[in-house]
Amino acid sequence: MREKELRLALVCYGGISLAVYMHGITKEIWRLARASKAFLEGTTPAKGSQGVYRALLQEIEDEHQLKLRVLVDIIAGASAGGINGVFLAQAITTGQSLEPLTQLWFDSADVEELLDPAQAPASALSKMWALPIAWAAQRRAGDPVDSLVEPATRNEVRAKLSKFVRSRWFEPPFGGERFLNLVLDAFEAMAAAPVEARLLPEGQPLDLFVTVTDFHGHPERLALNSPCEVMETEHRLIFSFSDHGEARPTLAPIPELAFAARATSSFPGAFPAATVAELDRVLKARDHSWPERGAFITEALPRQSAAGAAEHTPLIDGSVLVNAPFGPAISALRERPARRQVDRRFVYIEPYPGGKMGRAPGPEQLPGFFQTIIGAISELPRQQPIRDNLESIATRSRRIERLAEIIAHIRPEVERQVEGLFGYTLFLDHPTVQRLANWRRRAQTAAASKAGYGYAAYGHLKLAGVIETLTHMLFTVGGEASQQRWHDIHAAIQRAVDALGMAENRPSFTGGTSAEMIAFLRNYDLGFRIRRLRLLARRLTELEAQHDEATLAPLREAVYASLATYLDAKRTEPHAHLRRDVRALRGDASVLLQQLARSLNLKTLDDETEIRLSVALASANKEARRALLLTYLGFPFFDVATLPLLQGEGLDEFDPIKVDRIAPDDATSIRAGGAEATLKGIQFGAFGAFFSRAYRENDYLWGRLHGAERLIDIIVSALPGGMRMKPGRIAQIKRAAFHAILDEEVERLTSVQPLIEQLRAEIG
């Protein structure tokens, strides 16, 4: 049975009241993660859509002999997406439930709950002159209030819209402390509900990134030619959290998660800016301690903390500048373990694709004065396409595909070189640990000598890559925040490396490698080992068409088990004991490098790897053993040819990244027409769901339905080439999921019962 991991990195957009819709989607993602875990553990199928997902994974195993795991290990969110991302990350790392949040969304995401009492109209007669503004807002909304099914709901929306419009002007109508209390209530509700096990395997880290905007900004140094340094103001902030692959009672201290959710969703004009001082007041009123306060402020707001201004730094909506936080999600790929084949997906959740505020009816109508100002400061930055992010991912994927093509084209020549070096009979011998080590060293020497003039460039690039990897490791271990500090660490390591003798003994055109260089690479060159094992893993995938799984399983287990040890060594946690020494580094880095070498312990990992590989190769048939040995021993030849393409560093998951979207426009099995045909929260400038429980129930239900449809599409797309579901089977699975969701929600969604009956008819 083949094993494969479908790893989802979620990027959650902002959407104001469409946060309720996104809650429905993230709830389905959470259910899929639970279903995958239950499937792997062989536990009794759960009911509802979770049972449908589990049955689908079981069907894939039975029909295609593929055990597919679905993991959510990276989450990045802004604004409404940031809130949902925080709750989903907490549920995944702790095993807590998202179920209690649904009722809180219905009850609390309401104008009357969010309005600050000090801003609300004092009586029914307050600011009566503003009522025409409310009526105008109703007429300008995407759908008129009268389109709601029940008259009672129309009255509710009119009354709440009137109250909202007549609240105190030129002050944010919603209460910051009020909202922060609601977020803390949500975490308490999750903790009080039944808790299961962590939804990721041990050692698989969950990383959460939440974008925030520093209203006043903080200074950042930029290096130029002249002047040599300038100061600019940076407004973007990212709050980062990780469970480092460990089961925990909470992803991070609750005040920190709540503050991230509060700050990222501080929509300009609706909420006051979030501050640490506000959080302090709320925690004091709730008698909630926060012993980690100082460490959090220093790490999350380092510049502001150094200036003594962190407590009162105003933070506003994260989607003002970073509505689609792909960048931090991509950076998180650096420390991903790999214990089996990986299908990496970036899945972005966009609740209202193409939604624009105040669309002009014709090309001749120009935007007015206020339309231009509001659009420029609020709407346009959020609607900026993600083309740059997608091009970055596509460039990376093309580089990987080009690498695979080059390897395929040069493989015959590499195999001839290796066979000429050892003789064909080598591959009939028993590959003991000692033989494997000797063969490997001999192949590396031959590759260096045959590379000619190209070896000097390869050697310099390889050394530079190792130094940069060490710099990044120590920079991360130290928890450093400044890019200038990165350059200082890099310079210190470079001086220490030169002091080891590398300044005079760099790689030469003759292909020779000095003893000092060899010793250095044996202690620190993680990248070479990881690239070699990834190449073996790719070769194993290619051999699947020629050999049965029983033949390849021991080889695959040996390769991925070895790869996991090196990837674990590359992570930050094993070297956390060096944090104080890294922060104290100011001059000579020699002692610190020696400590890091002992912490990496690559000699032991190499020995363990060769034991695993020799045992697995000895048990394989002649053809499979020959193919893997040719790749393993030929790797130095491959590396000389391909490392320049990798620009000096290995690729972390070594396969092209695929991008999927979850949006109303993409889920058309039930109803076409996108957000306009399904969602109510898009009304009133995306504030619509705040005015009616029926609106919230509607959007939440559609979120679950759209999420289920797209997740089924994504799961099926993970099938390897040549594998297909039976005709019509995908539509059957989707219908089963839709009906399961309606069955689950029919008793809870009391305000949209006619919609449920209508949906049953549409689903069929």
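Which residue just after helix 2 takes a positive phi? In this predicted model, for which local features need pLDDT of at least 70, side-chain atom pairs count only at pLDDT 80 or more, and totals for chains, interfaces and linings use all residues, that residue is Gln65, with a phi of about 55 degrees. Residues are numbered from 1 along each chain as its sequence is written, and side-chain values use heavy atoms, with hydrogens and water left out.

The chain holds 30 helices and seven strands, assigned as DSSP runs (H or I of at least four residues for helices, E of at least two for strands) and numbered from the N terminus. Of its 764 residues, 55% count as buried, a class defined by under 20% relative accessible area, against over 50% for exposed and values in between for partly exposed (1.4 Å probe, protein chains only). The chain exposes about 31,700 Å², of which carbon and sulfur atoms supply 54%; accessible areas come from the Shrake-Rupley method with a 1.4 Å probe, and for residues only the protein chains shown count as cover. Among contacts (heavy atoms within 4.5 Å) between residues at least 6 apart in sequence, 80% join residues at least 24 apart.

Helix 2 spans residues 48–64 and reaches 24 Å from its first C-alpha to its last, close to the 24 Å expected at 1.5 Å a residue; the expected span is 1.5 Å times one less than the number of residues. This helix is mostly covered, with 13 of its 17 residues buried. In helix 10 (residues 276–285), the buried residues are Val276, Ala277, Glu278, Leu279, Val282 and Leu283, and their cover includes helix 8 (176–192), helix 9 and helix 11 (293–300). Just after helix 10, Asp287 takes a positive phi of about 60 degrees.

Asp243 lies in the loop between strand 4 (229–242) and helix 9 (254–264) and counts as buried because its relative accessibility is 0%. Its side chain makes a polar contact with the side chain of Thr93 at 2.3 Å, a polar contact being a pair of N or O atoms within 3.5 Å, where within protein one must be able to donate a hydrogen and the other to accept it, and residues adjacent in sequence count only if both atoms are side-chain atoms. The side chain of Asp243 also reaches the backbone nitrogen of Leu206 at 2.9 Å. Beyond four places away in sequence, the residues touched by Asp243 include Arg198, Gln204, Pro205, Arg248 and Leu251.

The structure holds 47 salt bridges, each a side-chain nitrogen of Lys or Arg within 4 Å of a carboxyl oxygen of Asp or Glu. One of them joins Arg696 to Asp110, with the closest N and O atoms 3.0 Å apart. This pair links distant parts of the chain, 586 residues apart, with Arg696 in helix 28 (residues 693–717) and Asp110 in the loop between helix 4 (99–108) and helix 5 (111–114). Both Arg696 and Asp110 are buried. A further salt bridge pairs Arg748 with Glu745, the closest N and O atoms being 3.0 Å apart. Arg748 counts as partly exposed because its relative accessibility is 23%, whereas Glu745 is buried, with a relative accessible area of 0%. Salt bridges that share partners join Lys27, Glu28, Arg31, Glu99, Arg704, Glu744, Glu745 and Arg748 into one network.
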